[in-house]
Amino acid sequence: MIIVEQLIAHLNQNGNLIIENWGDLDEDTKCFKPNAKSWSIVEIVQHLNLTIELYLPNIRKALEGLEKTDAIVEKDRTSFVGKFAINGQKPKDGKRKMKMKTFKFFDPERSEYDPALVFTRFEVLRGELIDLIKQARQMNVGKAKVVSAIGPLLKFRVMECFAFLMAHEDRHIQQGREVLKQLQANTAH
């Protein structure tokens with residue numbers, strides 16, 4: 001069961017952590033990569049930007065033409081596929097479950113971006129995402145579906161799409177913590 005207020009609070013908490021804690025790091029720390037296959041903090045946030053940028057229009061399209069409802073949506077059901085996708089992203093016991101390669105279009109190393117603007121862009125995208133959640137909770141979203149990143153073969157219910165994005169963000173916050181831990185270990189020697 002997805003509880004909308006908890007979702008908004010969690011996304012705000014994650015956003016504050018990323019913007020306030022990681023955004024204030026010095027450039028060397030933001031750009032540190034534990035190894036050639038790892039991402040830096042800036043690349044992790046750019047990956048989150050790429051993900052949100054892809055999903056925002058899909059969410060808007062799913063919400064197009066939906067009727068407003070008098071009853072504010074506080075909770076929404078989760079499908080089997082949605083639960084599987086969400087739980088596959090969530091870290092467990094402080095560890096990312098399955099490490100996997102991302103799709104090319106989400107790979108920060110393949111995208112063009114200005115590292116100085118990554119956190120500002122994240123803040124803007126986060127605001128748009130939260131605005132869409134607030135809009136959706138006042139609409140009859142029951143049968144609306146959001147096309148996933150892998151295309152129309154996988155579609156999310158609207159609220160489970162938001163929960164998926166939150167779990168995805170949790171996963172990459174854990175990845176960022178791992179990067180910073182490795183940096184501390186390297187500087188301690």
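1. The model is a predicted one, in which local features need pLDDT of at least 70 and side-chain atom pairs count only at pLDDT 80 or more, while totals for chains, interfaces and linings use all residues. Residues are numbered from 1 along each chain as its sequence is written, and side-chain values use heavy atoms, with hydrogens and water left out.

2. Lys33 is joined to Glu43 by a salt bridge (side-chain nitrogen of Lys or Arg within 4 Å of a carboxyl oxygen of Asp or Glu), with 3.4 Å between the closest N and O atoms. Lys33 sits in the loop between α2 (27-31) and α3, and Glu43 in helix α3, so this pair links distant parts of the chain, ten residues apart. Glu43 is buried, at 8% relative accessible area. Helices (H or I, at least four residues) and strands (E, at least two) are DSSP runs numbered from the N terminus.

3. Six salt bridges are present in the structure. One of them pairs the side chains of Glu5 and Arg137, at 3.0 Å from N to O. Because Glu5 belongs to helix α1 and Arg137 to the loop between α5 and β3 (145-148), this bridge ties together parts 132 residues apart in sequence. Glu5 is partly exposed at 40% relative accessibility, whereas Arg137 is buried at 14%.

4. Glu169 and Arg126 form a further salt bridge, with the closest N and O atoms 2.3 Å apart. Glu169 is in helix α6 and Arg126 in helix α5, so the pair connects parts that are 43 residues apart in sequence. Both partners are buried: Glu169 has a relative accessible area of 2%, and Arg126 one of 6%.

5. Glu169 and Arg126 are also contacts of Gly15, as is Phe122 (contact: heavy atoms within 4.5 Å), leaving aside neighbours within four places in sequence. Gly15 is located in helix α1 and is buried, with 0% relative accessibility. Between Gly15 and Gly151 there are 27 Å, C-alpha to C-alpha, and the two are 136 residues apart in sequence.

6. Residues up to four places away in sequence aside, Ile59 touches Leu129, Leu132, Val146, Cys161, Phe162 and Leu165.

7. Ser111 is found in the loop between α4 and α5. Its side chain makes a polar contact with that of Gln46 at 3.3 Å; the term denotes a pair of N or O atoms within 3.5 Å, where within protein one must be able to donate a hydrogen and the other to accept it, and residues adjacent in sequence count only if both atoms are side-chain atoms. The side chain of Ser111 also reaches the backbone oxygen of Pro108, at 3.0 Å. Not counting residues up to four places away in sequence, Ser111 touches Gln46 and Leu50.

Conventions. Buried means under 20% relative accessible area, exposed over 50%, partly exposed in between (1.4 Å probe, protein chains only).
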